[in-house]
Amino acid sequence: MIHLGRAARAEDQNAQLTPAQWTALRYLSRANTASRTPSAFASFHATTRGTATQTLKALEGKALICRGAGLSDGRAVCYDLTEEGRSLLSADPLRDLIRAVAGLDETTRDCLGQALPKLVSTLAALREAPSFGTCHDCRHFEGAPQSAFCACMSRVLAACDTGLLCVNFNKDAPPKLR
């Protein structure tokens with residue numbers, strides 16, 4: 001897996017961004033509003049909040065991301081991709097890996113799609129770190145994508161957010177009441 005990652009990022013030497021900046025740009029493009037914060041990115045990238053903040057500031061300095069409206073309490077910083085950031089993702093160094101995965105037969109692709117999230121969640125559990133996922137698979141998710149509610153955040157979710165990464169994700173079944 002390490003070799004595959006390095007081979008897929010072989011283009012990084014000529015890239016406009018560092019590997020960490022690419023990861024942040026990808027993450028922000030796939031994260032829901034509540035998860036586009038420095039702390040959430042730090043958890044996702046398994047780094048310190050300070051390192052994550054510096055990575056995000058570098059992207060902001062390149063006008064690839066901007067500070068969003070923030071969360072409802074006004075204390076947290078939330079980032080959004082700019083048009084330039086979205087455009088740059090079309091030159092993502094991992095695009096060849098994405099094409100290679102798309103070229104796999106359906107059975108192999110399905111197996112990979114099941115195995116990788118399991119590996120990620122198992123590794124997170126072993127390290128007692130947060131595991132990221134989407135609302136559809138989360139124990140906090142209630143309702144349907146068009147009328148969704150997150151019990152963890154006690155708020156209605158926009159339909160567009162239910163398929164995005166969430167820092168509050170919890171795959172475990174709710175505790176049984178006695």
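Student: What should I know before we start?

Tutor: This is a predicted model, in which local features need pLDDT of at least 70, side-chain atom pairs count only at pLDDT 80 or more, and totals for chains, interfaces and linings use all residues. Residues are numbered from 1 along each chain as its sequence is written, and side-chain values use heavy atoms, with hydrogens and water left out.

Student: How many helices and strands are in the chain?

Tutor: There are seven helices and seven strands. Helices are DSSP runs of H or I with at least four residues, strands are runs of E with at least two, and both are numbered from the N terminus. Along the sequence the pattern reads α-α-α-α-β-β-α-α-α-β-β-β-β-β.

Student: Why is C135 called buried, and why is C66 called partly exposed?

Tutor: Buried means under 20% relative accessible area, exposed means over 50%, and partly exposed lies in between (1.4 Å probe, protein chains only). C135 has 7%, so C135 is buried. C66 has 32%, so C66 is partly exposed. In the chain of 178 residues, 30% count as buried.

Student: What makes α2 and α3 neighbours in contact?

Tutor: Contact means heavy atoms within 4.5 Å. From α2 the contact has A20, T23, A24 and Y27, and from α3 it has A40, F41, F44 and H45. These residues divide into six nonpolar, two polar and no charged. Nonpolar covers Ala, Val, Leu, Ile, Met, Phe, Trp, Tyr, Cys and Pro; charged covers Asp, Glu, Lys and Arg; the others, Gly among them, are polar.

Student: What does T23 touch?

Tutor: T23, in helix α2, touches F41, F44 and H45, leaving aside residues up to four places away in sequence. T23 and F41 are 18 residues apart in sequence, with their C-alpha atoms 9.3 Å apart.

Student: Which residues of α3 are buried, and what covers them?

Tutor: P38, A40, F41 and A42 are buried in α3. Their cover includes α2, α4 (49-61) and β2 (79-81).

Student: What makes the phi of A63 worth a look?

Tutor: Most residues other than glycine have a negative phi. A63 is not a glycine, yet its phi is positive, about 60°. A63 sits in the loop between α4 and β1 (65-67). At 38% relative accessibility, A63 counts as partly exposed.

Student: Where does S154 lie, and why is S154 called exposed?

Tutor: S154 lies in the loop between β5 (147-150) and β6 (155-157). Its relative accessible area is 54%, so S154 is exposed. S154 also has a positive phi, about 50°, although it is not a glycine.
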